[in-house]
Amino acid sequence: MTGGPVHGTWEPEPARRWEDGFLSGNGHHGALVFGDPGADRVVVTHHTLVRPDGDDAHRRPPRLAAALPALQDRLLAGETAAAEEFTDGRPLRWVRPFHPAFQIRLTGPSGDTGHPYRRSVDFTTGETTAARSTWSSRVFVSRADDVIVQRVAAPHLTLDISLDPRLPGAPAGLGVGHRAVLTPGGALLSLRARYPGSDLAYTGVTLVAVTGGATRLVPPGVLVEGATEVLLLTRVRRHTGELDVAAEGRALRGLADGNSHDGRPGRPPDDAPAGDADDGPDGTPYDTLLRRHLALHRTAYDRVTLDLAADPAERALPGSALLARPRSAALLERLFAAGRYHLLSSGGLLPPRLTGLWTGDWNTAWSGAFTTNANLNLQTSSAAAAALPEVTEAHAALVHRQLPHWRDNARAIFGTRGVVAPSHTDGESGHTYHFSREYPLHLWTAGADWLLKPLVDHDETYGTRDPRTTAALAEVALFYEDFLTRTDGDGQVAVVPSYSPENRPANASWGTVDAAMDLSAARHALLTAADRHPEHAGRWRALAGRIPPHRINADGALAEWARPGLTDTYDHRHLSHLYGVWPLDEITPYDTPGLAEAAHRALELRGAENDSAHGHLHHALVAARLRDGDRVAHALGRVLDGDYFHASLMSAHYPHRDVYNADAAHTLPAVLLEMLVQSTPGRLVLLPALPATCPAGELKGVRTRFGAGLDLTWTADGDATAVLRPDRTHRIDLRTPSGAEPLDLVAGEDRVISVKARQRQRTSPHPWKETPWHHASAP
């Protein structure tokens with residue numbers, strides 16, 4: 001396709017708000033870059049920066065297990081408000097908030113404002129740049145050396161450089177100490193910030209390496225005069241006591257001198273792409289650091305691309321101008337690219353928070369937490385198919401690190417073995433302590449299965465079984481063995497108490513019986529654990545078989561609560577009850593058409609409530625699984641029309657860019673993938689929900705859960721071609737708009753599939769129903 005999509009974005013003026021700053025990150029450190037020639041700022045963040053609250057005793061799960069049998073009796077007897085008393089009386093307590101570290105300030109003459117200005121971010125490199133006339137700035141966060149790298153260049157460069165903790169919402173009692181020391185060739189700056197009432201602190205250290213000119217101390221920073229180039233290397237550490245700033249400075253000096261973080265001489269990795277930087281034998285330290293970073297970042301970013309045959313003139317527009325054209329294919333291309341870039345950049349030490357890896361305000365909405373009952377999994381939902389195992393590894397790190405706390409939750413609240421995941425975490429504590437009467441999140445038992453599902457998908461995609469995931473699945477099964485003990489006269493078990501995040505029945509309280517999500521999660525967890533633990537398989541499969549089926553309500557919709565008599569509340573942002581459709585494969589148009597029809601009816605009746613971006617895109621993901629391309633397009637349109645994206649192409653939680661939040665930015669790529677390709681370990685679905693707004697395109701490098709890479713091309717005249725590159729030999733069920741048939745794959749042998757992209761009407765009132773398709777051609 002001519003030209004190809006743009007892998008970056010740009011603006012014709014500096015950022016004025018931190019929300020519009022271009023983003024770089026390596027999954028540990030983050031940077032928000034303003035790009036102002038006269039008063040530049042780089043806001044520095046780090047995944048570990050959460051503010052202590054001095055109340056460790058509160059961050060424990062409530063000890064309620066002794067009262068559980070009585071609660072179960074009351075709920076099963078029809079006392080619909082009984083769970084409101086199942087608490088230890090504590091008020092709602094938010095998890096510890098994520099916050100920024102400080103901003104690097106570089107103040108100097110603004111230069112000739114008559115010259116054209118441009119700032120940009122290159123998604124393939126992670127590098128942000130800004131330039132006007134002879135002045136230029138380049139910033140990236142190294143995945144290889146875990147350092148924020150900034151290079152400013154201009155003839156006769158004069159800069160006042162300092163580390164400034166004064167960011168919105170910074171606590172008045174923050175104990176800040178500055179230090180600036182001249183060194184050969186520049187200076188070393190440090191800022192130590194001690195939290196009020198705590199022995200915890202964090203320290204930022206910046207090495208200033210100056211080429212030409214003179215450097216002198218101007219507290220709290222330094223003044224550089226007459227230089228041609230300034231290189232800044234910055235790291236942040238969270239610690240107790242005092243940090244050894246001198247040792248940190250020596251490590252940064254080693255990087256500036258061309259050594260890697262472990263002291264080895266810096267050289268291009270063997271697999272570094274050619275032509276990444278002008279860094280031959282005489283390359284600058286910046287070039288050397290960038291080259292080392294690219295071997296990791298570019299390799300990951302380049303795995304998957306999406307081309308929607310957009311207008312080249314629209315592809316050339318700055319991001320802010322493109323956002324004003326919400327029906328532009330170029331906008332979808334760029335948001336797909338930006339979403340993968342931001343997701344990769346925020347996943348490393350931990351997966352993305354509600355704000356990814358970035359914030360410029362200490363008062364981050366919802367504590368900048370990991371909200372696990374919807375948002376985290378939505379944000380990482382493209383990781384397997386979009387070939388970003390780095391993100392799944394970050395997700396796994398969070399899960400496996402917190403398993404001891406999940407065990408505490410199970411024992412304290414439910415008196416069981418096994419594990420129960422919290423609905424909110426700051427990344428450190430996995431204990432359940434964020435709950436209230438209106439949000440009884442301590443009753444949510446589906447979380448462990450929900451959070452392990454991406455790890456299972458990863459194993460299926462790459463043909464491996466991580467022993468940590470296998471062990472964790474067994475612990476989930478043990479929880480259900482101990483928890484699912486209440487039965488009815490037919491021998492079916494009841495999930496009691498049960499909670500559907502974050503909704504309630506119209507005629508009952510929040511904590512109740514047999515929420516659809518809980519039923520699906522328990523079944524999936526037990527069956528998945530049984531597949532990996534044959535010694536327990538019979539017992540766990542038998543228990544799964546006693547879990548109640550889903551209920552279809554009087555409206556013909558899949559009920560959010562399977563318990564008879566509980567009435568649905570339709571206008572809500574969450575779609576927890578459709579967990580069996582997405583991300584599970586429990587309800588599909590192919591295997592369970594009756595339930596698929598009921599799920600589709602439930603989707604039709606679902607309101608948008610407060611227009612949360614995650615609700616719209618969750619709706620789109622479910623619609624794609626139900627083969628409803630029109631509904632996918634409508635849900636996407638609600639986000640694209642609603643002004644949810646900042647100029648940085650990071651998103652907001654609400655319309656009109658209200659509340660900085662990564663849900664839309666990170667989830668949108670998954671929506672575009674799901675409407676084009678879906679897979680299970682035994683099935684491939686091509687073009688299940690292609691909207692009329694995407695008449696032609698090309699998707700390259702996508703991964704499937706049966707172990708094959710896939711490239712897909714479709715044209716405006718209705719033809720489509722897929723090329724499969726299988727890693728494993730087996731038979732799958734192929735579903736396309738042209739037909740359905742078994743397909744035998746042989747490891748190492750490419751398979752070309754030619755189909756018609758639009759065999760049936762997109763406006764069908766029953767998109768979940770099978771039609772008599774013609775067989776696909778699979779030469």
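## Buried residues and overall form

In this predicted model, 62% of the protein's 779 residues count as buried. The accessible surface comes to about 26,400 Å², and carbon and sulfur atoms account for 52% of that area.

How does the radius of gyration fit with a compact globule? For 779 residues, such a globule would have a value near 28 Å, and the protein has 27 Å, which agrees. Along the principal axes, the C-alpha trace spans about 85 × 65 × 45 Å.

## Helices, strands and contacts

## A cluster of aromatic rings

The protein has eleven aromatic pairs. One of them joins Phe414 and Phe479: the ring centres are 5.7 Å apart and the planes meet at 75 degrees, so this pair is edge-to-face. The pair links distant parts of the chain, with Phe414 in helix 8 (residues 389-414) and Phe479 in helix 10 (residues 467-483), 65 residues apart.

Are these two residues buried or exposed? Phe414 has a relative accessibility of 4%, so Phe414 counts as buried. Phe479 is buried as well, with a relative accessible area of 0%. Ring pairs also bring in Tyr480 and Phe483, linking them with Phe414 and Phe479 into a cluster.

## Two residues and their surroundings

His614 has its place in helix 14 (residues 613-625). With a relative accessible area of 4%, His614 is buried. Which residues does His614 contact, leaving aside its neighbours within four places in sequence? They are Asn375, Leu378, Arg573, His574, His653 and Asp663.

Arg192, by contrast in setting, belongs to strand 11 (residues 186-194) and counts as partly exposed, at 23% relative accessibility. Not counting residues up to four places away in sequence, Arg192 touches several residues, including Gly175, Val176, Tyr202, His239 and Glu242. Arg192 and Phe140 are 52 residues apart in sequence, and their C-alpha atoms are 23 Å apart in space.

## Cis peptide bonds

Where might you look for cis peptide bonds? One joins Pro219 and Pro220, with omega about 10 degrees. Pro220 is found in the loop between strand 13 (214-218) and strand 14 (221-240).

Another cis bond joins Pro501 and Glu502, with omega about -20 degrees. Glu502 lies in the loop between helix 10 and helix 11 (516-532).

## Positive phi angles

Ser133 is a residue other than glycine with a positive phi, near 55 degrees. You will find Ser133 in the loop between strand 7 (127-132) and strand 8 (135-141). Its relative accessible area is 44%, so Ser133 is partly exposed.

Arg627 also has a positive phi, near 60 degrees, and is likewise a residue other than glycine. Arg627 sits in the loop between helix 14 and helix 15 (629-641). Is Arg627 buried or exposed? At 2% relative accessibility, Arg627 counts as buried.

Key: Residues numbered from 1 in each chain as written. Predicted model: local features only at pLDDT ≥ 70, side-chain atom pairs only at ≥ 80, totals over all residues. Heavy atoms only, no water. Rg over C-alpha atoms; globule rule 2.2 N^0.38 Å. Buried < 20%, exposed > 50% of the residue type's maximum accessible area, 1.4 Å probe, protein only. Areas by Shrake-Rupley, 256 points an atom, 1.4 Å probe, with all protein chains shown as cover. Phe/Tyr/Trp six-rings, centres within 6.5 Å; stacked < 30°, edge-to-face > 60°. Helix = DSSP H or I, 4+ residues; strand = E, 2+ residues; numbered from the N terminus. Contact = heavy atoms within 4.5 Å.
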